[in-house]
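These are my notebook entries on one structure. I recorded each item as I looked it up.

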Amino acid sequence: MLADVGIPLRRATATIKRPDEIARMRQAGHILVALLDKLEAALAPGTTTAELDAIAADHIREAGAVSSFKGYGSNPPFPATICTSLNDEVVHGIPSSRRRLQDGDLIGLDVGCIWQGWHADCARTFTIGQVSPEAITLVEATRDALSAGIAAAVPGNRLGDIGAAIEAVANSHGYGIVRPFVGHGIGTAMHEEPQVPNYGRPGTGMRLEAGLCLAIEPMFNLGGDEVGLRDDGWTVVTADGSLSAHFEDTIVIGPSGAERLTA
């Protein structure tokens, strides 16, 4: 996910995708899953985040796809193929040859690509070496929250049901929920309607339909909800310096439930 800071929630007008369009998004998702496997294999103390970005650029190009992220936005455009967010960095961390992984780090890898005009978008948080029990629980809970949100994405439910399911996991652990950044619809654009907050009230919001494609992405902080923006114009960090974790899948809602296109 790449997004602007502080986007207000809007009235949702979403598009329903055809089977042939979903097939293209599914292929984009397969490319990203294979990429995350390559990136995970490269995670070790001493590896730079720029080296991870180079692996991603090669993989996406060789797959015949295009990065969703590089050149995205303005003031300034995002300069890299993937986002690499370390420890207190929530999302949108910029890869750098000066950032080397260290034992005990958390790293969020957010990847996106375009296949024949259609996007997929996903993120995982990984641990490097020996990390604290609190960090492990944070990562596991954020992953569980993604599954809870996806389980609520069934026809007849509403957007608020997804957010409420994610929020319930955060509340059970006392974690901060990142509120200025949310999930989103996805298709021929990386960000489409509707916005998908990681909090909400059951039974509220747009009704979900089969064929709707969403990127659901909980972001939890070990500390409070508040976040800030670094001077690079992209990197979002926790205001209190606490650890953060981020998971994301692109899904399509089917007749009886959701399919993870980036599983």
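How many positive and how many negative side chains does the protein chain have, and how far apart do the centres of the two sets lie? I worked from a predicted model. I found 20 positive and 32 negative side chains in the protein chain. The centres of these two sets are 6 Å apart.

Entry on the fold. I noted 4 helices and 15 strands in the secondary structure of the protein chain. For contacts with a separation of 6 or more, I recorded that 72% join residues 24 or more positions apart.

Entry on dimensions. I looked up the span of the C-alpha trace along its principal axes, which is about 50 × 45 × 35 Å. The radius of gyration is 17 Å, and this agrees with the value near 18 Å that a compact globule of 263 residues would have.

Entry on surface and burial. The protein chain exposes about 10,600 Å², and I noted that carbon and sulfur atoms supply 51% of this area. Of the 263 residues, 52% are buried.

Entry on Glu-217. I located Glu-217 in the loop between strand S9 (213-216) and strand S10 (219-221). Is Glu-217 buried or exposed? I recorded Glu-217 as buried, because its relative accessible area is 0%, and buried means under 20%. I then looked for a partner and found that the side chain of Glu-217 makes a polar contact with the side chain of His-184, at 3.5 Å. Finally, I checked Glu-217 against Asn-87, 130 residues apart from it along the chain; their C-alpha atoms are separated by 17 Å.

Definitions and conventions
Residues are numbered from 1 along each chain as its sequence is written. This is a predicted model: local features need pLDDT of at least 70, side-chain atom pairs count only at pLDDT 80 or more; totals for chains, interfaces and linings use all residues. Side-chain values use heavy atoms; hydrogens and water are left out. Helices (H or I, at least four residues) and strands (E, at least two) are DSSP runs, numbered from the N terminus. The radius of gyration is taken over C-alpha atoms; the globule rule is 2.2 Å times the number of residues to the power 0.38. Buried means under 20% relative accessible area, exposed over 50%, partly exposed in between (1.4 Å probe, protein chains only). Contact means heavy atoms within 4.5 Å. Accessible areas come from the Shrake-Rupley method with a 1.4 Å probe; for residues, only the protein chains shown count as cover. Lys and Arg count as positive and Asp and Glu as negative; His and the chain ends are not counted. The place of a charge is taken as NZ of Lys, CZ of Arg, CG of Asp or CD of Glu. A polar contact is a pair of N or O atoms within 3.5 Å; within protein, one must be able to donate a hydrogen and the other to accept it, and residues adjacent in sequence count only if both atoms are side-chain atoms.
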